Amino acid sequence: MPLLPRVISQAACCSKALAQVTSRAKIALLGPLVPLSNPVRLAEELAMVDMLSGGRLIVLFLRGTPNEHQTYDTDAAATRAMTQEGIDLIVKAWTSDQPFAWDGAEYRFSTVAVWPKTVQTPHPPIFGSGNSDESVRFAAARRMGIAFSFAPPEVVRNWVKLYHAEAETAGWQPGPEHVIYRGIAYAAESDAKAFEDMGAFFGAKMAEQAQIQQKTLGGPPVVPLVLEPYFVGGPETLKGKMEALFMLGKNPRSSIRLLYKNDMDYGQTYYDEIGYDNLFALTSRKANVPIKLIKIEQQKIEYFKEWHP
């Protein structure tokens, strides 16, 4: 599952190109920064991606980090409200059959009429960032999926419970497709080898870059599970850690999906998905555990054609 850049013009361009060389792969934008975009333009760009891909788009809408807000001179205090109102506006633009006016606290448009419409109805699957109680409640109330990033399992457990409770209050029940955990992963033949490789390839580099960003740009914060990723180790260690996250919900087959990424080239970021039913098969290949996790060399579009023809 390819991860596209967070600046929407680049993401839309890249995803349209991917749509032409793949036929089954989901194209996941994880995700556009709503406060740094015109939400009507964003709705149109994403609808075009969904049309060109034949309905394969998935979107995680994000608020962004302090350094990104500072780069665009955006009022950081307003970005939560801008993100939430922008999502509501985008969804209405996708689902309305007639032009409409929008007069909100953050956005005002005299006429909104998005073309083309999305292929998926009522709209593509959308996710919100779940790294706060307020964000979890917002997503559950709107029947959105939720994505947790780099948080420790005990914190995610509480958010998953809150998400299910709020969804029940809103009159619906999330399925396995609605809850995602994103994290950095690296697998090797043994725990020792995995940590040795991590340090050699990007451990020190990530720490250095994170400190530079925090000191010079105001963020993002240094998160322990970024500097010391959760999914690192040999087959049995990874299997145990993945099982622990699967078990956070009421049923491991319906509670959470895992997206992992490999940043070994620091800048080449790709996500793929592990489901509960294929967890044991993937983590039982010993030295080839799984090959998509330990692939370190430069990855191009051909990579996705190979795995998702």
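1. How much accessible surface does the protein have, and what share of it belongs to carbon and sulfur atoms? The accessible surface comes to about 14,100 Å², with 53% belonging to carbon and sulfur atoms. Areas follow the Shrake-Rupley method with a 1.4 Å probe; for residues, only the protein chains shown count as cover.

2. A word on the basis. The model is predicted: local features need pLDDT of at least 70, and side-chain atom pairs count only at pLDDT 80 or more, while totals for chains, interfaces and linings use all residues. Residues are numbered from 1 along each chain as its sequence is written, and side-chain values use heavy atoms, with hydrogens and water left out.

3. Overall make-up. The protein has twelve helices and ten strands (DSSP runs numbered from the N terminus: helices H or I of at least four residues, strands E of at least two). Of its 309 residues, 52% count as buried (under 20% relative accessible area; exposed is over 50%, partly exposed in between; 1.4 Å probe, protein chains only). Take the contacts (heavy atoms within 4.5 Å) with a separation of 6 or more: 67% join residues 24 or more positions apart.

4. The cores. The largest nonpolar core holds 54 residues (buried Ala, Val, Leu, Ile, Met, Phe, Trp, Tyr and Cys joined through side-chain atoms within 4.5 Å). Leu 46, Phe 61, Trp 94, Phe 148, Tyr 163 and Phe 231 have the most contacts inside it. A second, separate core has nine residues, including Leu 33, Ile 58, Leu 60 and Ile 180. In soluble globular proteins, nonpolar side chains tend to be buried together.

5. Phe 148. Beyond its neighbours within four places in sequence, Phe 148 touches, among others, Gly 130, Val 136, Trp 159, Val 179 and Arg 182.

6. Aromatic pairs. The count is three (ring centres of Phe, Tyr and Trp, the last by its six-membered ring, within 6.5 Å; planes under 30 degrees apart are stacked, over 60 edge-to-face, the rest tilted). Phe 148 and Trp 159 are stacked because their planes lie at 10 degrees, with centres 5.8 Å apart. Phe 148 sits in strand E6 (residues 145–149) and Trp 159 in helix H6 (residues 153–169), eleven residues apart. Both Phe 148 and Trp 159 are buried. Tyr 163 and Trp 172 pair edge-to-face, at 6.1 Å centre to centre and 85 degrees between planes. Tyr 163 and Trp 172 are buried too.

7. Leu 52 lies in helix H2 (residues 39–52). Leu 52 is partly exposed, at 37% relative accessible area.
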